[in-house]
Amino acid sequence: MADVADDIDAVLADTTMTDEEFAEAVAAIVLGAEDPVAAAQLIADKIAALSPPLSDARLAAVGNGLGAAVAALNETNPTAASQIAAIVTTMPEAVELAFAETAGMTASVIAARDNSLFEESTGDKSAN
């Protein structure tokens with residue numbers, strides 16, 4: 001996880017990136033992490049600790065990046081997608097709004113859904 005932390009620190013410190021590049025970097029960190037949920041939590045923790053805080057535009061870029069990551073993870077790991085969405089609900093409003101725009105629904109809706117049908121298990125996975 002140290003490499004992920006270093007990557008997050010580098011992205012947060014890079015003032016030369018456009019907001020779009022910043023969002024892409026956030027998504028890449030989460031999607032490239034061995035544990036995407038832990039990476040998203042680390043991003044949230046580091047952003048909360050920043051002084052001065054990120055601008056609303058940068059916070060929106062974080063939301064866009066996390067939204068893109070959740071959209072991608074929803075196909076392969078919906079449980080992780082829901083857990084990341086739950087993390088987003090604890091972040092500033094600018095993050096949540098951009099996340100909803102990118103992911104197509106609010107973080108609270110994604111976080112609240114029941115993923116028991118998607119979890120790896122034996123037996124009938126139908127909704128019946």
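**View 1. Helices α3 and α5 run side by side.** The axes of α3 and α5 come within 9 Å and cross at roughly 10 degrees, with axes being lines fitted to C-alpha atoms (for helices over the stretch in contact) and angles running from 0 to 180 degrees between N-to-C directions. That makes α3 roughly parallel to α5; angles under 35 degrees count as roughly parallel, over 145 as roughly antiparallel, 65 to 115 as roughly perpendicular and the rest as oblique. On the α3 side you will find Pro36, Val37, Ala40, Gln41 and Ala44, which meet Ala80, Gln83, Ile84 and Ile87 of α5; contact means heavy atoms within 4.5 Å. Sorted by class, this contact holds seven nonpolar, two polar and no charged residues. Here Ala, Val, Leu, Ile, Met, Phe, Trp, Tyr, Cys and Pro count as nonpolar, Asp, Glu, Lys and Arg as charged, and the others, Gly among them, as polar.

A word on the model: it is predicted, local features need pLDDT of at least 70, side-chain atom pairs count only at pLDDT 80 or more, and totals for chains, interfaces and linings use all residues. Residues are numbered from 1 along each chain as its sequence is written, and side-chain values use heavy atoms, with hydrogens and water left out.

View 2. Of the 128 residues, 38% count as buried, where buried means under 20% relative accessible area, exposed over 50% and partly exposed in between (1.4 Å probe, protein chains only). Among contacts between residues at least 6 apart in sequence, 66% join residues at least 24 apart.

View 3. The buried residues include Pro78, Ile84 and Val88. Their cover includes α2 (19-32), α3 (36-49), α4 (56-76), α6 (93-103) and α7 (107-112).

View 4. Val26, Ile29 and Val30 from α2 meet Pro36, Ala39, Ala40 and Ile43 from α3. This contact counts seven nonpolar, no polar and no charged residues.

**View 5. Val62 and Leu66 sit in the largest nonpolar core.** The core has 38 residues, and Val62 and Leu66 have the most contacts inside it; a nonpolar core is a set of buried Ala, Val, Leu, Ile, Met, Phe, Trp, Tyr and Cys residues joined through side-chain atoms within 4.5 Å. Helix α4 gives the most to this core, with seven residues. Val62, at 0% relative accessibility, counts as buried. Beyond four places in sequence, Val62 is in contact with Phe22, Val26, Ile43, Ile47, Leu54, Met91 and Val95. With the same exclusion, Leu66 has contacts that include Val30, Ala40, Ile84 and Phe99.

**View 6. Arg58 is a buried residue of helix α4.** Its relative accessible area is 12%. The Arg58 side chain reaches the backbone oxygen of Met17 at 2.8 Å. Leaving out residues up to four places away in sequence, Arg58 touches Asp14, Thr15, Met17, Thr18, Asp19 and Phe22.

How values were computed. Helices (H or I, at least four residues) and strands (E, at least two) are DSSP runs, numbered from the N terminus. A polar contact is a pair of N or O atoms within 3.5 Å; within protein, one must be able to donate a hydrogen and the other to accept it, and residues adjacent in sequence count only if both atoms are side-chain atoms.
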